[in-house]
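Have a look at the picture first, then read on.

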Amino acid sequence: MSYMGGRRANRTRQAGTGTTPARPLFVEHDLKADENRVGPHDKCTRDEVLALLPASPLWPRKSDRLSVDPAVRFLAFSGRILEWLESHPGDGWQARWRAAGADQGKEIVLAGVLGDDQRDSMRNGVISGMNQLMINRIVLPGYGFLRGYKAMRLFKNVQLLFPDGKLEETRRYGADVGMTGRHIDEGLRLISSIILHTGRDLDQLTMEDIFYLRARDRRASGEAYVGTHSAWDLLRGVGILQTKDTLKDALRHGQRPTAELVDSYNIQSTQIRNVLVRYLDERRPAVDYGTFRGLVRELAGVFWADIEAHHPGIETLRIPEDVIDAWKQRILTYTDKSGQVRERRSRIDVMMRIRGFYLDIQEWAHEDPYWAQWAVPSPITRGDGAGNHKMIKQTTARMHQRVRERLPHLPVLVETAERVRREAAELLEAARSTPFNDVFEHAGKRYLRVLPAVNQVPSRPDHGSPHVFIKEVGSTARRINQTLVEDDAFWAWAVIETLRHTGVRAEELTELTHLALVSYKLPDQLPDKGEVVPLLQIVPSKSNEERLLLVSPELASVLATIIKRLRDANGGKIPLVSRYDSHERVTGPQLPHLFQRRPYWQSAVLSEAAVKRLLDRTLECTGLRDAAGEPLRYTPHDFRRMFATEAVTGGLPVHIAARILGHKTLTTTQAYLAVFQDDLIRTYRGFLDRRRAARPPEEYREPTAQEWRDFQQHFELRKVSLGTCGRPYGTPCKHEHACIRCPVLQMDPRQKARLIEIIQNLRERIREARANGWLGEVEGLQVSFDAAMAKLNSLKNTPTDGRPQLVDLGMPVITDPAPPPGTGEPDLAPDTPDLVRLPPPPRQPGWHPDPADR
């Protein structure tokens with residue numbers, strides 16, 4: 001086993017602009033060079049090999065019924081193959097086999113040995129001789145040769161060489177764990193291929209042999225060879241492989257060392273790389289593995305690998321100002337897996353973690369001299385995180401909008417999940433009761449029950465599949481595995497119902513076990529004393545806090561249906577299954593998990609990715625779309641927010657909702673709650689009703705029809721030509737409807753042109769009154785003119801984009817200093833504030849007092 005993501009010191013990568021380097025979930029094994037792989041008789045001569053063959057346990061015996069002795073025939077064709085191999089260079093039979101290109105396929109051997117004589121009898125003879133050479137390990141064929149060879153007799157002969165009773169024990173174990181006959185045969189053929197390829201006996205096989213074969217097939221064809229998993233389980237079941245892990249569990253990386261995680265980002269500076277590794281080792285015990293991997297990605301990838309990619313050669317943590325400013329600009333965006341550039345919403349969190357990195361080193365330098373040489377000022381200042389509150393509000397607003405969009409459609413999703421589950425179960429039952437190759441009708445459609453060709457083995461009835469396959473008559477679509485379709489529909493329904501009734505996280509959903517259902521007896525002090533209520537225990541996950549949920553009747557029905565399905569499919573018991581934690585990268589103990597399925601012979605707990613896929617498939621059946629016309633998507637966490645919103649708006653106190661959701665603070669729960677307009681109106685009306693109930697009835701009498709008409713008419717009377725009158729209800733106009741002078745007039749910006757006409761008219765009337773000496777008229781018109789100008793100025797200063805208006809308070813001017821004591825000026829009291837005088841308005845040239853300008 002080897003790790004493929006080692007450190008490559010001469011490779012650079014732009015971590016801030018590219019994606020995170022691929023770290024596959026499963027270990028990729030190197031294809032070891034097998035040129036030195038030879039059999040035990042590799043150095044024997046041709047005559048010595050021909051003398052060894054008859055000693056084989058599988059060598060044919062002489063029969064009186066056959067005119068030609070098969071032993072003589074096998075020996076003759078084996079000799080011809082050896083003679084052909086001797087014509088190629090090499091110091092042994094394996095080297096000559098490889099030099100002749102025989103691993104490319106049996107046609108190379110047939111053409112080389114027979115030439116143009118390709119009669120069936122001759123071909124069968126060469127194949128029989130080749131089988132004897134491989135069984136007796138004269139040559140060790142490659143996996144590519146065996147995959148295309150397809151000689152079932154050869155593999156069965158190898159199985160006959162198993163130790164006494166081992167073949168029967170292997171088949172018996174496969175049947176006990178639920179393998180079909182086809183799966184058992186596929187596993188045995190793969191085990192036979194490994195024996196032929198390695199030249200070892202059955203009890204000498206190792207886990208590395210399976211790993212190598214899987215890696216070779218995945219790189220050659222993109223997928224593991226058929227029978228890889230069943231071969232692993234068969235070898236594990238009969239004690240050849242000393243492990244309890246499945247092949248998938250054995251291949252997983254697990255938690256990787258800190259140095260390995262850092263080296264995946266190819267840090268060029270060895271000193272900086274060592275600092276990062278030592279710092280992260282200090283931080284690792286205090287955080288979970290998922291958080292730790294995120295910290296490694298941000299420090300080593302987003303931060304330092306990006307610095308080196310754009311500014312190579314930096315060997316110190318004291319980064320120049322222009323370099324850090326350029327980095328801050330680059331982390332504003334990132335490139336996703338599809339190559340699209342997106343906004344990095346977590347950029348402030350990234351900068352604050354970089355700042356924490358520098359501040360931790362400064363603090364540790366007081367206790368550990370190693371850190372003193374790296375203690376430098378942080379390039380990330382406190383001000384760089386100033387916009388974090390704004391981004392948190394934006395994130396909360398997006399969450400609330402998602403809830404407002406999805407909560408009204410939740411009944412449609414629930415109804416669709418129930419309908420799809422019911423229809424899939426009915427179709428499966430109708431198909432199961434139909435014989436093979438017969439047509440049946442269901443829901444107005446005609447279907448044909450089919451049996452895949454791989455299961456059509458007349459000599460092996462046990463090769464039949466437990467799955468039911470159908471195909472719609474007249475359709476060109478592929479056949480349907482209705483068993484898997486019904487299984488998907490059931491678990492999609494179970495996931496949706498459990499999420500919406502509990503509000504648990506996706507990780508907590510997959511962790512639910514049969515042991516989580518507990519009972520609680522109410523104390524005798526409560527009204528329902530002695531009553532036993534069911535509770536659902538949620539094991540520690542994100543917050544590492546255990547909590548209990550009251551099981552509602554609806555949730556109890558869903559859980560009972562799940563338990564019944566598991567028991568019916570497993571002989572009345574819930575299988576014990578290990579769950580793999582993709583966040584912590586560890587495999588847990590075997591427990592009776594509720595959300596487990598068994599598509600073949602291995603039961604497995606649903607992964608979080610599988611939960612999302614089930615949701616997406618159900619959503620496709622609903623046809624729901626968002627406001628933009630795109631398909632509406634739900635995530636498991638959307639159900640958690642919708643559960644919190646429905647619970648609190650339904651009257652549940654927010655602090656109780658926080659306990660149910662497992663939140664440590666009410667702020668987190670409040671961020672989940674989306675307020676709808678109808679909830680706002682309904683809640684406020686309820687508040688008014690409760691307040692009225694606490695006051696005397698006469699204070700809240702119903703208005704008469706005339707009073708209601710007067711109230712409505714009041715708002716109509718407030719509408720004037722220049723805007724709206726702001727006087728309170730039931731009060732008359734105090735300015736005798738001189739609206740232009742009234743301070744409560746709310747100007748309509750659309751009436752600005754009309755106001756300018758009024759001002760021009762007032763200016764002309766003032767000019768006329770002055771010419772005629774009507775000084776009293778001038779005084780009244782001037783008051784109206786000043787009020788109109790004030791309203792025009794307010795319209796000019798009002799912004800058109802809705803922003804609040806700034807008020808200019810002017811610059812105060814300090815008066816002359818107080819005279820010294822003894823000058824006769826009265827002293828001000830100690831608490832008398834300083835007097836200020838606003839500067840007079842600027843005077844135009846040629847200005848002189850006018851009686852009208854008062």
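## A guided look at the chain

Arg 137 is partly exposed, with a relative accessible area of 22%.

Before going on, a word on the model: it is predicted, so local features need pLDDT of at least 70, side-chain atom pairs count only at pLDDT 80 or more, and totals for chains, interfaces and linings use all residues. Residues are numbered from 1 along each chain as its sequence is written, and side-chain values use heavy atoms, with hydrogens and water left out.

Back to Arg 137: you'll find this residue in the loop between helix 5 and helix 6 (143-149). Helices (H or I, at least four residues) and strands (E, at least two) are DSSP runs, numbered from the N terminus. Most residues other than glycine have a negative phi. Arg 137, however, has a positive phi, near 65 degrees. Asn 437 also has a positive phi near 65 degrees, and sits in the loop between helix 19 (410-432) and strand 3 (439-442).

| Residue | Relative accessible area | Class |
|---|---|---|
| Arg 137 | 22% | partly exposed |
| Asn 437 | 57% | exposed |
| Phe 595 | 0% | buried |
| Gln 670 | 42% | partly exposed |

What does Phe 595 touch, leaving aside its neighbours within four places in sequence? Its contacts (heavy atoms within 4.5 Å) include Trp 491, Ala 494, Leu 512, Ile 562 and Val 605. Phe 595 itself belongs to the loop between strand 11 (586-591) and strand 12 (596-597). Ala 494 is 101 residues away along the chain, yet the two C-alpha atoms are separated by 8.6 Å.

Gln 670 lies in helix 26 (residues 666-672). Not counting residues up to four places away in sequence, Gln 670 touches His 400 and Val 654.

Now for the helix pairs. Two packed helices are described by the angle between their axes and the distance between the axes. Axes are lines fitted to C-alpha atoms, for helices over the stretch in contact, and angles run from 0 to 180 degrees between N-to-C directions.

Helix 2 (residues 70-86) packs on helix 5 (residues 120-135) at about 80 degrees, with axes 8 Å apart. That makes the pair roughly perpendicular, a label for angles of 65 to 115 degrees; under 35 counts as roughly parallel, over 145 as roughly antiparallel, and the rest as oblique.

Helix 24 (residues 636-649) and helix 25 (residues 654-661) pack at about 150 degrees, with axes 10 Å apart. They are therefore roughly antiparallel. On the helix 24 side, the contact is made by Arg 640, Phe 643, Ala 644 and Val 648, and on the helix 25 side by Val 654, Ala 657, Ile 660 and Leu 661.

Finally, zoom out. The chain has 30 helices and 18 strands, and 39% of its 854 residues are buried. Among contacts between residues at least 6 apart in sequence, 62% join residues at least 24 apart.

Key:
Buried < 20%, exposed > 50% of the residue type's maximum accessible area, 1.4 Å probe, protein only.
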